[in-house]
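Have the viewer open and turn the model as you read.

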Amino acid sequence: MNKAIFYKERIKIRRFYPLATAILAGFTAYALLRIGRMYAFNGAASVWLAVLDRGDVLVDPLKYLPALVGAGLGLAQFLPEITQKRLKLTLHLPDSRRAMMLGMLGYGLVLLTMLFAVQLLAIGLYLRHLMAPELVHAVVSTTLPWYAAGFAGYLFAAWICIEPTWRQRLFDALIAAGVMRLLFSSDALRVCAPLLPWIAAVVLCALFFPLHSTLRFRRGRQD
């Protein structure tokens, strides 16, 4: 049963996932080449001063990309479930409904983790050649809320798609917009570092929202 569910998920994202991978790779290469150009033309001091004096994150062109990729993957996975009425069939399969939904969400989260981990690793390794480890850590830790927004965007997109009533969807969208705004509330270097445990808790809580809407869908809630 699990193999069939995962195969179905792979079919749904077979076009989106390679596209998202290519976009992430392209923007990451652009951001890193921009830093390399600054280093080549102005020297190492310019890169260090950009971080120490101005508080630049250096990879700011990537700021909203994880959130867009996460939301896009959520739509690619769960919008067909609703528009093509697949979710009702899935929930009538002889298996735990919660386990099936967690399996679908887990599949998407694992794929996102792979993408984000490779991107973050590339950023960290590249910056290690240009800056001290303390500065690399400062830059990388500043980007972590962006990746949290990617996971949250995925879960919120799934939540809104699964929700069976339009009135509740609008309410869910407002909550999602508010949380995403908080995750992008500051560009200052490492300002969100003390809040990372709370940000992780918010993302973990967002995992339960699609499960709640799945229960409402199964109970036949409608406008």
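Which residues in H2 meet which residues in H3? From H2 come Ile-35, Met-38, Tyr-39 and Asn-42, and they meet Ala-44, Ser-46, Val-47 and Ala-50 in H3. Contact here means heavy atoms within 4.5 Å. This set divides into six nonpolar, two polar and no charged residues, where Ala, Val, Leu, Ile, Met, Phe, Trp, Tyr, Cys and Pro count as nonpolar, Asp, Glu, Lys and Arg as charged, and the others, Gly among them, as polar. The axes of H2 (residues 16-42) and H3 (residues 44-52) come within 6 Å and cross at roughly 125 degrees. Axes are lines fitted to C-alpha atoms, for helices over the stretch in contact, with angles from 0 to 180 degrees between N-to-C directions. H2 and H3 are therefore oblique to each other; angles under 35 degrees count as roughly parallel, over 145 as roughly antiparallel, 65 to 115 as roughly perpendicular and the rest as oblique.

Before going further, please keep in mind that this is a predicted model, in which local features need pLDDT of at least 70 and side-chain atom pairs count only at pLDDT 80 or more, while totals for chains, interfaces and linings use all residues. Residues are numbered from 1 along each chain as its sequence is written, and side-chain values use heavy atoms, with hydrogens and water left out. The pLDDT, the predictor's confidence in each residue from 0 to 100, averages 87 over the protein chain, and 95% of the residues score at least 70. Confidence is lowest in H5, at a mean of 71, and highest in H4, at 93.

Now step back to the whole chain. Its secondary structure comes to 10 helices and zero strands; these are DSSP runs numbered from the N terminus, helices being H or I of at least four residues and strands E of at least two. The C-alpha atoms fill a box of roughly 60 × 30 × 25 Å along the principal axes.

Next, find H7 (residues 133-162). The axes of H7 and H8 (residues 166-183) come within 10 Å and cross at roughly 180 degrees, so the two helices are roughly antiparallel. Among the H7 residues that meet H8 are Pro-145, Gly-153 and Trp-159, and the H8 side includes Arg-169, Asp-172 and Leu-183. By class, this contact has 14 nonpolar, one polar and two charged residues.

H7 also packs with H10 (residues 208-218): their axes come within 8 Å and cross at roughly 10 degrees. H7 and H10 are therefore roughly parallel to each other. Leu-155, Phe-156, Ala-158, Trp-159 and Ile-162 of H7 make this contact with Phe-209, Pro-210, Ser-213, Thr-214 and Phe-217 of H10.

On a 1 Å grid over the protein atoms alone, a cavity is a set of points where a 1.4 Å probe fits but cannot get out, a pocket is an open set with protein on both sides within 12 Å along at least five of seven lines, and lining residues have an atom within 4 Å of a point. Grid points are joined across faces, edges and corners, and a volume is the space filled by probe spheres set on the points. The largest pocket has a volume of about 270 Å³. Of its 13 lining residues, Ile-82, Lys-85, Lys-88, Pro-164 and Phe-217 are the closest to its centre. The lining divides into five nonpolar, two polar and six charged residues.

The largest cavity has a volume of about 80 Å³. Thr-142, Trp-146, Ser-186, Ala-188 and Cys-192 lie nearest its centre, and H7 gives the most to its lining, with four residues.
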